[in-house]
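The following note sets out several points for a colleague who is examining this structure. Please read each one alongside the sequence and the coordinates.

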Amino acid sequence: MRKFLYITDQDEYTDHSFIGPLFEKYLKEYYEVDIVYFSEFKAEFEKKDENRFILPVAAKSKVIKELKNANIDISSYSYIVVRNSSEILKDVLSNSRVYDYKVGYRLSFPKRRARIQADKANNKSNFLKDLNNTLATYSETKLINQCDLFLPTSRQMHEEYFKDVNVKTYICPPALDPEILHDNIQHEDSEKRFFYAGTLDKLREFETVLEAFDSLNTKDWTLTISTKDPEYTKEVIDGFENLKARVRIQNAKTKEQLLDLIAKADIGVSILPDIPLFNTSTPVKIMDYYSSAVPCIMTNNANNNEIFEEDKDAWFCEFSKDAIKEKLEYILDLPKDEVAQVGLNGQERLLAVRNYKRIAADLAHQLDIL
């Protein structure tokens with residue numbers, strides 16, 4: 001069996017909800033898969049188990065050398081794929097002819113653009129930062145064009161941020177693991193239970209969503225927010241006097257805890273501002289909602305419209321207080337069984353088009369014909 005090495009840019013303890021099912025599980029049906037993670041707290045190579053290696057963060061510019069020094073046979077790999085880091089990619093490409101492996105580049109999220117957008121939202125943007133981004137994108141594009149395969153999260157991400165990449169491309173989006181689905185726990189109360197998982201910051205403008213909830217006339221609903229910064233979230237909620245009794249703040253520490261909370265909800269909330277950063281990929285949290293057959297209200301953009309159908313398996317909404325309020329009122333008027341059916345429809349749809357088992361088979365085929 002041929003060997004495949006996936007070099008992440010992630011810490012060993014980060015949530016690996018994409019890497020786990022695709023690379024650690026289903027792709028192993030086709031290749032022997034090894035994965036490299038990084039740690040700020042380790043000074044040398046560590047073999048976590050037979051297929052997972054940990055390197056110090058300082059080794060990102062010389063990954064191949066560090067692995068070779070740890071007696072990892074680099075020439076045994078047919079494919080090496082790098083996640084998000086042009087620094088790592090440069091090193092992997094420079095050694096590809098020496099060890100005769102094919103190179104792929106995985107773009108999961110445009111992190112550099114996210115930082116720039118966050119700076120703009122916080123009035124910290126300047127010409128120098130924009131210029132550095134332009135130069136970095138040019139350099140990264142040149143590196144990607146030396147690869148054998150480019151793996152962006154979506155077609156829109158490719159077109160928006162790397163339109164000059166012209167190598168073979170395979171769209172590799174977040175998906176559902178068909179073997180790990182969760183029951184949606186239906187409650188007896190008449191209220192509709194909304195759930196938001198994620199960050200609250202100026203870039204996401206979640207206050208707009210809260211303003212829409214705050215303006216509702218009916219009180220037969222609750223909103224649970226699970227976030228890593230509950231103190232800041234409480235400060236935001238305190239600015240809405242009418243929401244205090246209806247909003248509950250959680251801080252799920254693990255993926256399992258988050259999914260347990262989601263399973264008790266009726267509707268997931270994933271409404272984001274209409275900007276390319278958010279419009280070019282499907283948030284992983286949408287997959288978390290539908291893994292429990294919890295239907296989702298989400299941004300009305302081309303990426304989401306390619307997957308879901310309005311009112312059948314999701315609800316679309318423009319990002320404005322009035323539009324969100326109108327959609328919330330529509331959902332609140334729906335019978336409970338109709339809401340649940342939208343979730344089941346969405347889960348069925350994702351299992352058909354966003355299924356890690358199928359993606360692994362397709363990816364293996366793309367690698368085989370390189």
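1. A residue is called buried here when its relative accessible area is under 20%. The model is a predicted one. With that cut-off, Ile286, Met287, Asp288, Tyr289, Tyr290 and Ser291 of helix α12 are buried. The helix spans residues 284-291 and is mostly covered, six of its eight residues being buried.

2. Against which elements do the buried residues of α12 pack? The partners include the strands β8 (192-197), β11 (267-270) and β12 (296-299). The helices α10 (255-263), α13 (302-307) and α15 (336-353) are also packed against by these residues. After α12 comes Ala293, which has a positive phi, near 55°.

3. Ser291 belongs to helix α12 and deserves a separate remark. Ser291 counts as buried because its relative accessibility is 7%, which falls under the 20% cut-off. A polar atom of the Ser291 side chain lies 2.7 Å from the backbone oxygen of Asp288. Residues three or four places apart in an α-helix point the same way, because there are 3.6 residues a turn. Not counting residues up to four places away in sequence, Ser291 touches Leu176, Leu181, His182, Leu259 and Gln347.

4. The next point concerns the sheet. An open sheet is formed by six strands in the order β10-β9-β8-β11-β12-β13, with parallel pairing. β10 (247-250) and β13 (315-317) stand at the edges and have a single partner strand each, so one side of each is left without a neighbour in the sheet. From one strand to the next, the twist averages 25°. The parallel strands β12 and β13 are joined by three bridges, and Met298 stands opposite Phe316 in β13.

5. Helix α8 (residues 206-214) touches β8, β9 (221-226) and β11, and its direction makes about 165° with that of β9. Helix α10 touches β8, β9 and β10, and its direction makes about 155° with that of β8.

6. How many salt bridges does the structure hold? There are 19. One of them joins Lys3 to Asp34, with the closest N and O atoms 3.9 Å apart. Lys3 lies in strand β1 (residues 3-11) and Asp34 in strand β2 (residues 32-39), so the pair ties together parts that are 31 residues apart in sequence. Lys3 and Asp34 are both buried.

7. Further charged pairs may be inspected in turn. Arg193 and Glu191 meet through their side chains in a salt bridge of 3.0 Å, N to O; Glu191 is buried, at a relative accessible area of 13%. Lys234 and Asp238 form a salt bridge of 3.2 Å, N to O. Lys234 is partly exposed, with a relative accessible area of 47%, and Asp238 counts as partly exposed at 35% relative accessibility. A network of salt bridges links Lys25, Asp177 and Glu179.

8. Is Lys102 buried or partly exposed? Lys102 counts as partly exposed, at 34% relative accessibility. Apart from neighbours within four places in sequence, Lys102 is in contact with Ser78, Tyr79, Ile80, Asp148 and Leu370. Lys102 and Phe278 are 176 residues apart in sequence, and their C-alpha atoms are 31 Å apart in space.

Conventions: Residues numbered from 1 in each chain as written. Predicted model: local features only at pLDDT ≥ 70, side-chain atom pairs only at ≥ 80, totals over all residues. Heavy atoms only, no water. Buried < 20%, exposed > 50% of the residue type's maximum accessible area, 1.4 Å probe, protein only. Helix = DSSP H or I, 4+ residues; strand = E, 2+ residues; numbered from the N terminus. Contact = heavy atoms within 4.5 Å. Pairing = 2+ DSSP bridges. Axes fitted to C-alpha atoms, helices over the stretch in contact; angles between N-to-C directions. Polar contact = N/O pair within 3.5 Å; in protein donor to acceptor, adjacent residues only side chain to side chain. Salt bridge = Lys/Arg side-chain N within 4 Å of Asp/Glu carboxyl O.
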